[in-house]
Each structure stands twice: as structure tokens, then as C-alpha cells.
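Please look at the model below, one feature at a time. The questions and answers follow it.

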Amino acid sequence: MPDSILSFMSRFNTIIIGAGPIGIETASALQKAGLKTCIVEAGPIGATIASQFPPDTRFFSSPDRLAIAGIAIPTRGQEKPTREEYLAYLRSVVATHELDVRTFHEVQRIERAEDCHRVEMHMRSGQLTTLEATNIVIATGGTGKVRTLDIPGEQLPHASHDLGDPHQYHGRRVLVVGGRNSACEAALRCWRAGAEVHLSYRGSDLHERVKYWIRPELAALIEEGHVHAHFNTNLVEITPGTAMLQCIDTNTSIELVVDDILLLIGYEHDSALLRNVGVTILPGQGRPEYNEETMQTNVPGVYVAGTATAGTQERFQVFIENCHVHAHRIAAAITGSSPPTDPGERQLEEN
Ligand SMILES: Cc1cc2nc3c(=O)[nH]c(=O)nc-3n(C[C@H](O)[C@H](O)[C@H](O)COP(=O)(O)OP(=O)(O)OC[C@H]3O[C@@H](n4cnc5c(N)ncnc54)[C@H](O)[C@@H]3O)c2cc1C
């Protein structure tokens with residue numbers, strides 16, 4: 001068979017980059033429309049949730065709002081799902097809809113060929129591989145890079161941007177940096193696991209949007225002196241045994257003797273792939289330019305879906321639950337059918 005026919009036969013209508021909830025939901029919508037679709041994913045299915053949620057973290061969205069592709073989420077006690085329940089759910093959606101997902105395929109480059117896009121990926125083995133498609137959907141999320149403080153000692157091995165398993169902090173002195181959900185949940189869980197906990201936050205109190213099942217307990221622990229809160233402070237230096245805080249109001253310093261430092265100050269959007277393919281990143285907003293009805297970017301045949309649409313979010317307003325419509329807009333645009341009417345969007349608590 002001639003090469004050109006072979007290449008046409010192995011070509012996809014659409015390649016989706018990212019097997020997060022919205023990438024999976026988009027693949028399901030496209031497959032339902034009869035389009036040959038494949039998802040390529042740098043890590044495992046749901047890699048953001050697998051790597052950025054500590055074990056047993058509970059979502060703050062209810063199961064009906066996190067459900068994708070017409071499949072309900074069964075949870076213990078009809079509660080909000082945990083990380084583990086949601087990852088199991090994502091695997092079951094992929095299996096039920098028989099989606100073609102290539103995990104541990106990290107996209108390095110997307111090239112425009114004569115009549116298609118060529119996607120170049122590194123596999124876990126280190127080998128390079130290439131796939132071709134008429135359309136590309138970039139669903140790479142909004143938290144590709146950790147936010148850093150750029151202070152001396154940040155690279156030391158006992159300073160981390162992830163909580164991991166709270167079990168490891170038993171009997172240790174831990175400084176948690178941050179005052180939003182991730183930091184507050186970490187402070188609470190480390191204390192429950194038997195750590196001495198310090199919390200440094202540049203604000204004057206815990207953030208007002210901290211989950212309602214975290215804030216009161218942590219506030220009480222602070223009030224009772226069990227968790228040591230250092231409000232209005234910035235962490236300015238880390239050494240192997242200490243952390244130096246600077247008080248914002250008085251410009252004085254506090255030196256803490258600590259074993260571990262958890263820098264839970266959030267994530268930033270990684271726009272490298274969008275830029276690589278020629279998508280315009282809006283100045284001052286850091287988010288891609290796209291048509292809100294079709295989700296198509298300024299590059300013909302290149303679409304964007306999920307939290308990748310929002311750039312780095314200072315205040316989280318684009319979540320799983322208000323991105324479901326992206327999948328249907330993209331399917332409508334590619335098949336040439338009429339776009340769906342937008343379901344009402346709801347504002348959520350910040351993470
Ligand atoms: C602790 C915590 C709690 C949260 N709770 C909620 C909640 O209750 N409700 C809610 O709606 N949201 C919540 N979120 C946010 C939620 O995780 C995100 O909104 C959601 O994961 C976004 O889905 P997505 O499909 O757009 O992107 P993601 O889930 O981020 O998926 C993007 C995928 O793209 C892959 N990728 C990136 N670059 C490449 C590349 N070059 N090649 C191949 N693959 C690539 C990534 O590995 C990743 O799997 C929470 C986040 C955290 C950290």
C-alpha cells in the first residue's frame with residue numbers, strides 16, 4: 001500500500017492533548033459524533049488530580065457537577081468525591097466509552113503539515129513518536145507549573161510544593177506557606193497527623209473562601225495555640241534547619257526552626273504548547289484567544305478546552321463544572337452542527 005494511503009488510514013480526525021476530565025469529555029463527544037479521536041496524555045489519566053491532590057482530598061463540587069460524558073459518579077454516602085473515587089471514575093468513563101487514550105505521551109511540538117497537524121511526543125521509555133490529525137484540541141489544564149517564591153533555599157530537599165501523604169509529617173516541625181484551601185487543608189491534616197504546624201500567610205487572616213469544612217476547625221486550632229499562625233508575613237529565606245519570615249507591617253524578622261517547608265501557594269498556566277502552535281496569548285491576561293462559540297483559536301483547526309482556556313487564574317473561576325459545554329461546542333464546530341446553548345455558569349469557591 002502506498003505511504004500516503006497508510007498515513008491517511010492512521011490519521012485521526014482529532015487529537016486531544018490532555019486526559020483530564022475535560023479532555024476525556026471532549027473525546028467522548030467527538031467519538032459519539034463518529035469522529036476518529038485519540039487523547040494523548042503526558043502522565044496517567046487525570047494526571048493533575050493524581051499529582052496535585054494529596055491522598056483522600058475531597059472535591060468541593062458535588063458529584064453531579066463533576067460528572068462527564070453522561071455517566072453518574074457513585075460515591076460513598078452520596079458525598080462529594082475524593083481524589084481516589086474521581087480517578088477511578090475517570091478510568092471507568094474511558095473504559096465504558098472505549099476511548100483511545102495514550103498515557104505517558106508528552107507532546108513536545110505540533111507542526112502544521114500540508115493538510116494536517118503533526119503531533120510529536122516523548123513516550124515514557126524516552127522514544128519519540130508522531131501522530132497526525134486534522135484537528136487538535138489543547139486541553140492541557142491551567143496548573144502546569146508550580147508558583148515559586150524565588151527565595152534562597154527554595155530548592156532544598158525539605159522544601160516542597162506538594163503536601164503528599166500527611167503521614168510522613170508525624171513528629172516533625174512543619175511550616176506551611178499560604179492561606180487558601182490547599183495550605184489550610186495541609187496545615188489541618190499535618191496537625192492531625194501529629195506534626196508541630198506553623199502557617200505563614202501574607203494576608204491578615206485565613207482566606208475567606210477556604211472550604212467550610214476546613215476553616216472553622218483550623219481557626220479554632222489557631223485560636224487555641226495548637227497551630228501557630230504567622231499572618232502578615234512573607235517567607236524570605238530557607239536554610240537546612242530554619243525558615244526566615246519577614247513581618248509585612250513592622251519589617252521585623254521571625255526565625256522558625258522547622259524540619260519541612262510546604263510551599264502551597266498555587267500553580268501557573270503553562271502556555272508553551274499553545275505558543276508553539278501559534279495560538280495568540282492575550283497580553284495582560286495570559287490566556288489563549290479563542291472563539292467562545294466554537295472554542296477554535298486563531299489557528300484554524302486548533303481548539304482549546306477546559307481550564308487551559310483561562311491562563312493562570314488568580315481567583316479560580318473556570319473549573320471542571322463550568323467547562324462541560326466546551327466539549328459540545330467543539331463537537332458542534334467540527335461536525336458543522338449548531339452550537340449548544342450554554343448552561344448557566346456558577347461561581348465556585350477558590351482552591
Ligand atoms: C486540591 C484541588 C481541589 C480541586 N477541587 C476542585 C473542585 O472541587 N471542583 C472543580 O471543578 N475543580 C477543582 N479543582 C480544579 C480541577 O482539578 C481542575 O479544574 C481540573 O482538573 C481541570 O480539568 P481539565 O481537564 O481542564 O485539565 P486538567 O485536569 O489539568 O488536565 C490537563 C491534562 O493535560 C496533560 N498535559 C499537560 N501538558 C501536556 C503535554 N504537553 N502533553 C500531553 N499531556 C499534557 C496533563 O498531564 C493533565 O492530565 C481542584 C484542584 C485542586 C488542586
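Q: Through how many residues does a hairpin join E4 to E5?
A: Helices (H or I, at least four residues) and strands (E, at least two) are DSSP runs, numbered from the N terminus. Strand E4 covers residues 105-112 and strand E5 residues 117-123. The hairpin that joins E4 to E5 passes through four residues.

Q: What is the source of the model, and how are its residues numbered?
A: This is a predicted model, in which local features need pLDDT of at least 70, side-chain atom pairs count only at pLDDT 80 or more, and totals for chains, interfaces and linings use all residues. Side-chain values use heavy atoms, with hydrogens and water left out, and residues are numbered along each chain as its sequence is written, from 1.

Q: Where does Phe104 lie, and what is its phi near?
A: Most residues other than glycine have a negative phi. Phe104 lies in the loop between strand E3 (101-102) and E4, and is partly exposed, with a relative accessible area of 22%; buried means under 20% relative accessible area, exposed over 50%, and partly exposed in between (1.4 Å probe, protein chains only). Its phi is positive, near 55°.

Q: Which strands are the edge strands of the open sheet of five strands?
A: The order in this sheet is E8-E15-E9-E10-E11, with parallel pairing. An edge strand here pairs on one side only. The edge strands are E8 (159-160) and E11 (227-231).

Q: Which residue in E11 stands opposite Leu199?
A: Strand E10 (residues 196-201) runs parallel to E11, and five bridges join the two. Opposite Leu199 stands Ala229.

Q: What angle does the direction of helix H7 make with that of E11?
A: Helix H7 (residues 215-223) packs on the sheet and touches E10 and E11. Axes are lines fitted to C-alpha atoms, for helices over the stretch in contact (heavy atoms within 4.5 Å). Angles run from 0 to 180 degrees between N-to-C directions. The angle between H7 and E11 is about 95°.

Q: Is Ile261 buried or exposed, and what is its relative accessible area?
A: Ile261 lies in strand E15 (residues 260-263). Leaving aside neighbours within four places in sequence, Ile261 is in contact with residues including His158, Leu175, Val177, Leu235 and Ile238. Ile261 is buried, and its relative accessible area is 0%.

Q: How many salt bridges are there?
A: A salt bridge is a side-chain nitrogen of Lys or Arg within 4 Å of a carboxyl oxygen of Asp or Glu. One of them joins Arg83, which is buried at 16% relative accessibility, to Glu84, with the closest N and O atoms 2.9 Å apart. By this rule the count is 13.

Q: Why does the salt bridge of Arg11 with Glu132 tie together parts apart in sequence, and how many residues apart are they?
A: The closest N and O atoms of Arg11 and Glu132 are 3.6 Å apart. Arg11 is buried at 13% relative accessibility, and Glu132 is buried at 14%. Arg11 lies in the loop between helix H1 (3-9) and strand E1 (12-17) and Glu132 in strand E6 (residues 128-138), so the parts tied together are 121 residues apart.

Q: Which residues do salt bridges that share partners join into one network?
A: The side chains of Arg118 and Glu132 meet in a salt bridge (3.0 Å, N to O). Arg118 lies in strand E5 and Glu132 in strand E6, so this pair ties together parts 14 residues apart in sequence. The network consists of Arg11, Asp115, Arg118 and Glu132.

Q: How many residues surround the ligand?
A: Among the closest are Glu41, Phe60 and Thr307. An oxygen atom of the ligand is 2.6 Å from an N or O atom in the side chain of Glu41. The number of surrounding residues is 30.

Terms used:
Two strands pair if DSSP finds at least two bridges between them. A residue is near a molecule or strand if one of its heavy atoms lies within 4 Å of it. A polar contact is a pair of N or O atoms within 3.5 Å; within protein, one must be able to donate a hydrogen and the other to accept it, and residues adjacent in sequence count only if both atoms are side-chain atoms.
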